[in-house]
Each structure stands twice: as C-alpha cells, then as structure tokens.
Amino acid sequence: MLNGKRIAVVLPAYNAARTLEKTYKEIPFDIVDDVVLVDDNSRDDTVAVGQRLGIKHIIKHEVNKGYGGNQKSCYKKALDIGADIVIMLHPDYQYTPLLIHAVASIIAMDVYPVVLASRILGNGALRGGMPLYKYIFNRFLTLFENVMLWQKLSEYHTGYRAFSADVIRSIDFTHNSDDFVFDNEMISQIFMNGFEIAEVTCPTKYFEEASSINFSRSMKYGRGVLRVSLTHRLHKWGLIKSKLYGKPA
C-alpha cells in the first residue's frame, strides 16, 4: 500500500514466458499488494511461469481475445480484488517496473488520477532501439491526437499506464476495441470525462523477446487512432453520439 491505497499491477501477457520472470522480479512489493496476470491463450508456458513465481491472480483466456480484450480482463479483475490504483505493465520487459514507485505516488498523493510512462520524453525511444519508422509514426499520430483532443501529451502509445480505480470505474471500456487501439479509446474516454493525465520519462528496450507489432498491424493501428481522434472531436462538438462515452452500467 501507499498512502493507504491498495496497488495492483496488471500484466496483459501473450507469449511472455521468456520475459515474465525478469519483469516480475523488478516489481517493488514494498508498495504493490497484488499482481494480476492475464494470459491471452499463449502458445508458450506463460501461465506455468506465473504459477512458479507464485502469482496469485492468474486468468487464462481459452481463446485469444486480443490486446484490448486482455486489458478488459485485467481491469475487471483488479477492481474485483479491491485495487485503489491499477498499474498496467507489459510483461515483455520493454518497460522497467522500477518506475512503479513514481507513477503510483503521483496517484496516491492525489496529484493526478492517471499517469503515462512516456518513451518520448528524454529521447528514450530511439536510444532504446525503437525503429525509426515507428518513432516517426508515433510522433505524427501523437500530433494529430493532441490537435483533435486539445491536449499536450508527449505520446499516447505507451504500454505502461497507471490509473486511479475511480477513473476506470467512470468509463465503460466494455465497448472498446479488442485490438491495440483499445489504449487510445481509453485515453479518449478519460479526457472526455474531464480527468487530467500526467507523464513521467521512461526508458525502453527493444530486443528479440519484446513484443512489437509488424508494419501491417501498425498501419491498422494508425487508422484506428485517426478514427478515435476524429470521433472524440465530433462527439465533443455534439455532431455525433458515440457509445464510447456512455456511462458504465
């Protein structure tokens, strides 16, 4: 716990057997109360590794539900076990768990209700090995999103995020995509509900075992990001009514 807040780290996993242990062992359990591992029908022994590590909350999807579908299970479970702060961390060791103290403190001390760990602040992305085309793609999409959402984030595409449980409960993420654009839909919902988002600088590592989407999936993701950004602006202007911004049941 931190400042009386129960903290859960959720790990949306797919074929993460080779990196899960390294990620798990850097989680600061002096403040983290629970870890939730959701395995999206991996082809490797991710679940077995999680069991060996002693992870108490493990969910295995019997069919692959996609990255967004995985996160839906993560957040539902975190709320079910009473988390006050939920930190989503990719278990592929691309992001360091050592920043959990920093992102959790910002929320626990009621400074901001949401924190993103940004690879772009401090030029960590290129130093960490992000392919140049992905970096350029990231910068273009972020610029477009900032214009459409009237915000000033350094990036919207990090896989390292922390939320107050109240923020998660305030949005209906069940209508979100089961694919990678889920992340952008969730940020749009958070801003639409009037919450502010903080950012902290985060180093990143690109290596063989780290998860990464290929060029064709990147293009599909990019089109989804453009759609979400336009939907946000048109809904804000009252020109359309999107189910993304409905209240949870």
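**Ser242**

I looked up Ser242 and found it in the segment after α9 (215-236). Helices here are DSSP runs of H or I with at least four residues, strands are runs of E with at least two, and both are numbered from the N terminus. The model is predicted: local features need pLDDT of at least 70, side-chain atom pairs count only at pLDDT 80 or more, and totals for chains, interfaces and linings use all residues. Residues are numbered from 1 along each chain as its sequence is written, and side-chain values use heavy atoms, with hydrogens and water left out.

Is Ser242 buried or exposed? Ser242 counts as buried because its relative accessibility is 15%. The cut-offs I use are under 20% relative accessible area for buried, over 50% for exposed, and partly exposed in between (1.4 Å probe, protein chains only). I then checked its contacts, meaning heavy atoms within 4.5 Å. Leaving aside neighbours within four places in sequence, Ser242 is in contact with Thr231 and His235.

**Ser218**

My next serine, Ser218, sits in helix α9. Ser218 has a relative accessible area of 5%, so I list it as buried. Not counting residues up to four places away in sequence, Ser218 touches Tyr133, Lys134, Phe137 and Ile213.

**Strand β4**

I turned to β4, residues 85-89. Five of its five residues are buried, so I note the strand as mostly covered. Which residues point which way? Ile85, Ile87 and Leu89 point one way, while Val86 and Met88 point the other way.

I also looked for its partners; two strands pair if DSSP finds at least two bridges between them. Strand β1 (residues 7-13) pairs with β4 in the parallel sense, over four bridges. Val10 has Met88 of β4 as its bridge partner. Strand β6 (residues 160-164) runs antiparallel to β4, and five bridges join the two. There, Ile85 stands opposite Ser164 in β6.

**Gly82**

I checked Gly82 against Asp34: they are 48 residues apart in sequence and 9.7 Å apart in space, C-alpha to C-alpha.

**Nonpolar cores**

I searched for nonpolar cores, which are sets of buried Ala, Val, Leu, Ile, Met, Phe, Trp, Tyr and Cys residues joined through side-chain atoms within 4.5 Å. The largest has 35 residues. Which of them touch the most other members? My list reads Ile7, Val9, Val32, Ile87, Ile100, Val115 and Tyr160. Helix α4 (residues 100-108) gives the most to this core, with six residues. Another core lies apart from it, with 29 residues, among them Val86, Leu149, Phe173 and Ile190.

Not counting residues up to four places away in sequence, Val9 touches Ile27, Val32, Asp34, Val35, Val36, Ile87, Leu89 and Ile100.

**Cysteines**

A disulfide is a covalent bond between the sulfur atoms of two cysteines. I took a pair of cysteine sulfur atoms within 2.5 Å as the test. How many disulfides does the whole structure hold? The search finds zero. Cys74 is in none, and its nearest cysteine sulfur, that of Cys202, is 18 Å away. Cys74 counts as buried because its relative accessibility is 0%. Cys202 is buried too, at 0% relative accessibility.
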